[in-house]
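The sequence and the structure come first.

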Amino acid sequence: MSSTNGTPAANTRPGPGSAPAKKQFILNAFVETCSGHQSPGLWRHPADKSHEFNKLSHWTELAQLLERGKIHGIFIADVLGGYDVYRQSLDPAIRSGAQWPVHEPLASVPAMAAVTRSIGFGVTVSTTYEPPYHLARRLSTLDHLTQGRLGWNIVTSYLDSAARNLGLAAQPQHDDRYAQADEYIQVMYKLWESSWRDDAVRLDRQAGVYTDPARVRRIDHRGQFFTVPGPHLCAPSPQRTPLLLQAGTSSKGRAFAARHAEAIFVSAHAPEACAASIADVRRLARDTYGRDPRAIKVLALVTPILGRTEEEARAKYADYKQYADLEGALALFGGWTGIDLARYGEDEELRYVESNAVRATVESYARFSPGAAGKWTRQTIAEHVAIGGNGPVLVGTPAQVADGLQAWVDIADVDGFNIAYAVFPASFEDVVDLLVPELRARGLFWDDYAVPEGTYRENFYGLHGQKGPPDEHVASRYRWREGVKAEDHKIPE
């Protein structure tokens, strides 16, 4: 198996006498409502259909394919602006289709839920630009319509272009965005968990009582960023609080994740680049918030390119590289890091700069070299990002790719993967038909959903009945439970 720089991957099969690892992987498909997503330019490939993201059938067929493979969920990324850092222009992104155009991520979820029974849906929504009262209703509605199969990927956004289009001169500073996010999610917990008692909806036809007013209350939140009297507009949904996903591993992001996240999405070019931050999140969760560090699941970005033989996989990769758009890749990199590589010379090495975008990405590139390539230059970065974005591309047979995934588990202590595509839907078809059987044969992936027709959280944890956040999670302290009088349950501050 090879990575994108052509270096053979180490064989990670257990040695003689050693016990094989049996941590079962969590697998999500990683997509966005755009063409190409993590592989700009691949929309030009004759087999690629990602440009059909504007058709409902694109999403329903994807959901059915992935549910056939018993994939845990569909993780839908999002941005609220264009990538205009590189060359100080939107043109490279527009021309190459680098996450442009991009549609709203929540709209297709009910359609996908209608044609499936068990797969979950993780949707990305920023805490920076939308009032929590409004978002709480939108997500509660989706949790109802999906029968509890919703997750929320909590982000603070990173593009100044989004800020300018949403009424600000520029993005709030990185740490300020996380301060706002802390209060934002507190408001969400109050609305979802504290505003309605579990048994508030009575539907008592004889008495003429739809909802008992004594079981619904205002939250009267007054904080630095938000004033929300409430009550919540929606009755309790199956999960109340959707499965909480988070995608930031800066110092502020780690602290936020340690308290709130049930799953963390990391994107790094090598497992060594994120191992320390993953360990730090788990330490903070245990020591600061009293959480089981193993209850926080870490999912790494990866793009597998699979073949029944190594030669077939390598031929696919060589074919795909012909269509990769390096200018589009540099546009994406500029948005992720805030660094305009057009200002760098052809062979000039990337330097660490303070960033108001995705700090963890900047640190990852600055601290870890690209292996055989020697150093990160404009060219090596463009070639790396062009297929698979910030994550590794694993090229090989199902056995070789499974070895590569196991290496990430062993080195970085991840629990699973957000799987991106190179060519849509062929990459996902290969995952379902080639990779999943190999993982099952190794005992690394389930044969069926742990809770068929269950909630996203039940299947994520593999626990029947775990619809709401675990008791140790901060959200559980907000829960207004059945039979508890309002005066006996104080809304946490």
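## Helix α12

Helix α12, residues 378–386, is mostly covered, with 7 of its 9 residues buried. The model is a predicted one. The buried residues of α12 are R378, T380, I381, A382, H384, V385 and A386. Just after α12 comes G388, which takes a positive phi of about 95 degrees.

## Helix α14 and its two partners

Two helices that pack with α14 are described here. One is α1, which covers residues 56–68, while α14 covers residues 426–441. The other is α13, made of residues 398–412. The table sets out the axis geometry of each pair.

| Helix pair | Axes | Angle |
|---|---|---|
| α1 and α14 | within 9 Å | roughly 20 degrees |
| α13 and α14 | 9 Å apart | about 65 degrees |

The axes of α1 and α14 cross at roughly 20 degrees. Angles under 35 degrees count as roughly parallel, which means that α1 is roughly parallel to α14. The crossing of these two helices, α1 and α14, is left-handed. On the α1 side the contact is made by L62, L65, L66 and R68, and on the α14 side by F428, E429, V432 and D433. Sorted by class, the contact of α1 with α14 has 5 nonpolar and 3 charged residues, and no polar ones.

By contrast in hand, α13 passes α14 in a right-handed crossing. Here P398, A399, V401, A402 and L405 of α13 meet L434, L435, E438 and L439 of α14. By class, the contact of α13 with α14 has 8 nonpolar residues, no polar residues and 1 charged residue.

## Strand β9 and its neighbours

Which strands pair with β9 in the parallel sense? One of them is β4, residues 150–155, which pairs with β9 over 4 bridges. Within this pairing, W152 has L244 of β9 as its bridge partner. Another is β10, residues 263–266, which pairs with β9 in the parallel sense over 2 bridges. There, the bridge partner of L245 is A263 in β10.

Strand β9 itself spans residues 243–246. Where do its side chains point? In a regular strand the side chains alternate between the two faces of the sheet. In β9, L243 and L245 point one way, and L244 and Q246 point the other way. All four of these residues, L243, L244, L245 and Q246, are buried.

Conventions. Residues numbered from 1 in each chain as written. Predicted model: local features only at pLDDT ≥ 70, side-chain atom pairs only at ≥ 80, totals over all residues. Heavy atoms only, no water. Axes fitted to C-alpha atoms, helices over the stretch in contact; angles between N-to-C directions. Parallel < 35°, antiparallel > 145°, perpendicular 65-115°, else oblique. Left-handed = near helix turned anticlockwise from the far one by under 90°. Contact = heavy atoms within 4.5 Å. Nonpolar A, V, L, I, M, F, W, Y, C, P; charged D, E, K, R; others polar. Buried < 20%, exposed > 50% of the residue type's maximum accessible area, 1.4 Å probe, protein only. Pairing = 2+ DSSP bridges.
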